[in-house]
Each structure stands twice: as C-alpha cells, then as structure tokens.
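Hello,

Here is the structure I promised to pass on to you. Please open it next to this email and follow along as you read.

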Amino acid sequence: MKFFIDTADLAEIKSLASSGLLDGVTTNPSLIAKSGRDFKEVIKEICSIVPGPVSAEVAGTEYDQIMKEAAVLRKIADNVCIKVPLTPDGLRACRHLSDDGAMVNVTLCFSAAQALLAAKSNATFISPFVGRVDDIGWDGMQLISDIVEMYQNYSFKTEVLVASVRGPLHVIEAAKMGAHVATLPPAVLRSLFNHPLTDKGLAQFLKDWQGTGQSIV
Ligand code: E4P
C-alpha cells in the first residue's frame with residue numbers, strides 16, 4: 001500500500017519525506033489556503049522534495065478552464081498529478097489529460113457509481129472521501145470495499161486512493177480491503193507508530209542496558 005501525505009505544509013512534508021515512508025502528496029484548495037503560500041510555488045517545492053505523484057487541484061469547473069489550468073500545472077514538474085472534480089466536465093478533462101500522458105486524480109468521490117465513471121474516464125487515481133462519508137452517518141469504508149471489488153471485477157487500472165482519512169483504523173481497514181493508496185494527514189501517519197507496549201518495552205530495554213555499563217560505539 002502506498003502512503004501519500006495530505007498537506008501543503010512544507011515543514012511537515014520535509015520531515016516525513018526523510019522517514020522514507022512517503023510515496024506521494026495530495027493537496028487541495030483548502031490546504032493551499034491554510035499554507036498561506038503561492039499555489040504554483042508550493043507545488044514546485046513539494047515536487048522537488050517528494051519524487052512520487054503530487055496532486056495539484058484545478059480551480060476551474062468548466063472543461064476549457066480546467067484544461068487551461070492543467071496545462072499550466074503540468075509544466076511545474078513531471079510528477080504533478082492533475083486533480084479534477086468528479087463532474088461531467090472534470091471527467092471529460094480527465095479522459096483528455098490521461099490520453100495525453102498526464103496523471104489525473106479524480107477528487108470528491110462519494111459513491112461507487114461515481115468511481116465507476118472515473119475508472120471509465122481513465123483516471124490514474126480515484127479519491128473517495130471516507131471521513132466525510134462517515135460524517136453524514138454513512139459507511140465510508142463500505143464505499144472503499146465496493147470500489148475495490150468493482151475495479152477488480154473489470155481489472156480497471158485506476159488506483160483507489162483513500163482520502164479524508166481520520167485515523168489509523170481507516171488505514172488498516174483500507175489496507176485489508178486492498179486499496180492501493182491512502183493519503184494521510186501528518187498526524188495520522190505519525191499515529192501509526194504508536195503502541196504503549198512499544199514505549200514500555202523500549203523503556204525497560206534502555207534501563208537494563210544502562211545497568212550493563214556497556215556501550216556499542
Ligand atoms: C484528498 O485528496 C483531500 O485533500 C482530503 O483527503 C480531504 O480530507 P478532509 O475531509 O479531511 O478535508
């Protein structure tokens with residue numbers, strides 16, 4: 001399973017990139033606004049830090065505007081992945097961009113039917129938002145399970161990118177279902193390390209080691 005990080009915070013991206021765990025980055029207009037940075041500059045910097053796909057979302061909603069913006073974003077770096085909304089114009093742009101060799105992430109997916117349309121439009125990634133589905137009292141992980149099953153039935157190449165992840169259980173469930181990617185807020189990625197028995201065991205080992213009076217180097 002690939003791990004993307006869902007942020008435009010460069011300090012977080014640098015810090016987590018050094019862990020060797022990052023396979024890509026996703027951003028959205030809200031995360032760019034939160035960063036307070038110029039969109040194109042921040043995407044360029046992220047692309048230079050993380051070699052994997054870096055999703056940069058268009059702001060246009062009509063086909064012509066989406067294509068114009070995508071042309072600008074694609075020039076920033078080879079690893080830019082154009083993020084388009086799951087709308088008729090977004091999917092039309094997805095098909096054309098993908099046929100032209102661009103990576104495309106179709107965002108704001110909330111149903112299996114929408115995911116089917118994205119796969120038929122040759123999306124590189126489909127982004128179902130599990131947390132936002134849970135928020136309205138539906139089952140976000142059931143959506144992932146349905147999409148994974150449906151894509152497997154037809155050997156679609158589109159990768160399932162689990163988005164709007166709120167905690168470690170979303171990640172574990174997604175991995176068990178065979179989702180290709182999860183994009184994680186930095187705090188969720190860090191939380192995957194945590195276990196009280198690891199902390200307790202390490203403290204005991206260090207105490208016992210100190211008692212030996214030895215050093216390795
Ligand atoms: C996905 O690409 C989105 O940026 C993101 O996962 C949205 O998550 P949120 O629901 O926490 O805003």
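Rings of Phe, Tyr and Trp (its six-membered ring) pair if their centres lie within 6.5 Å, and planes under 30 degrees apart count as stacked, over 60 as edge-to-face and the rest as tilted.

Before going further, please note that this is a predicted model, in which local features need pLDDT of at least 70 and side-chain atom pairs count only at pLDDT 80 or more, while totals for chains, interfaces and linings use all residues. Residues are numbered from 1 along each chain as its sequence is written, and side-chain values use heavy atoms, with hydrogens and water left out.

**The whole chain**

The chain has eleven helices and eight strands. Both are DSSP runs numbered from the N terminus: helices are H or I with at least four residues, and strands are E with at least two. Along the principal axes, the C-alpha atoms fill a box of roughly 70 × 35 × 30 Å. Of the 217 residues, 46% count as buried. Here buried means under 20% relative accessible area, exposed means over 50%, and partly exposed is in between (1.4 Å probe, protein chains only).

**The barrel**

The eight strands of the barrel run β1-β2-β3-β4-β5-β6-β7-β8, closed and with parallel pairing. The twist from one strand to the next averages 30 degrees. Angles like this run from 0 to 180 degrees between N-to-C directions, and axes are lines fitted to C-alpha atoms, for helices over the stretch in contact. As background, strands of a sheet pair through backbone hydrogen bonds, either parallel or antiparallel. Two strands pair if DSSP finds at least two bridges between them.

You can trace several of these pairings yourself:

- β1 and β8 are parallel and share four bridges, and Phe3 stands opposite Ala182 in β8.
- β7 (residues 159-162) pairs with β8 in the parallel sense over two bridges, with Leu161 opposite Val181 in β8.
- β3 and β4 run parallel and are joined by four bridges; Ala56 faces Ile82 in β4.
- β5 (residues 103-109) and β6 are parallel partners over three bridges, and Cys109 has Pro128 in β6 as its bridge partner.

Strand β8 (residues 181-184) is covered on both faces, with Val181 and Thr183 buried on one side and Ala182 and Leu184 buried on the other.

**A lysine to look at**

Now select Lys83, which is found in strand β4. Is Lys83 buried or exposed? At 4% relative accessibility, Lys83 counts as buried. Leaving aside neighbours within four places in sequence, Lys83 is in contact (heavy atoms within 4.5 Å) with several residues. Among them are Thr26, Asn28, Ser55, Glu57, Asn105 and Thr107.

**Helices**

Helix α4 (residues 63-74) lies across β3 (54-57) and β4 (80-85), and runs at about 160 degrees to β4. Helix α1 (residues 10-17) and helix α3 (residues 39-49) have axes that come within 10 Å and cross at roughly 5 degrees. That makes α1 roughly parallel to α3 (angles under 35 degrees count as roughly parallel, over 145 as roughly antiparallel, 65 to 115 as roughly perpendicular and the rest as oblique). Where they meet, α1 brings Leu10, Ile13, Lys14 and Ala17, and α3 brings Val42, Glu45, Ile46 and Ile49.

**Back to the rings**

A search of the whole structure finds four aromatic pairs. The ring centres of Phe4 and Phe125 are 5.6 Å apart and their planes are at 80 degrees, so this pair is edge-to-face. Phe4 lies in β1 (residues 2-6) and Phe125 in β6 (residues 125-128), so the pair ties together parts that are 121 residues apart in sequence. Both Phe4 and Phe125 are buried.

Tyr151 and Phe156 are also edge-to-face, because their ring centres are 5.6 Å apart and their planes are at 70 degrees. Tyr151 is buried, with a relative accessible area of 3%, whereas Phe156 is partly exposed, at 25%.

Happy exploring!
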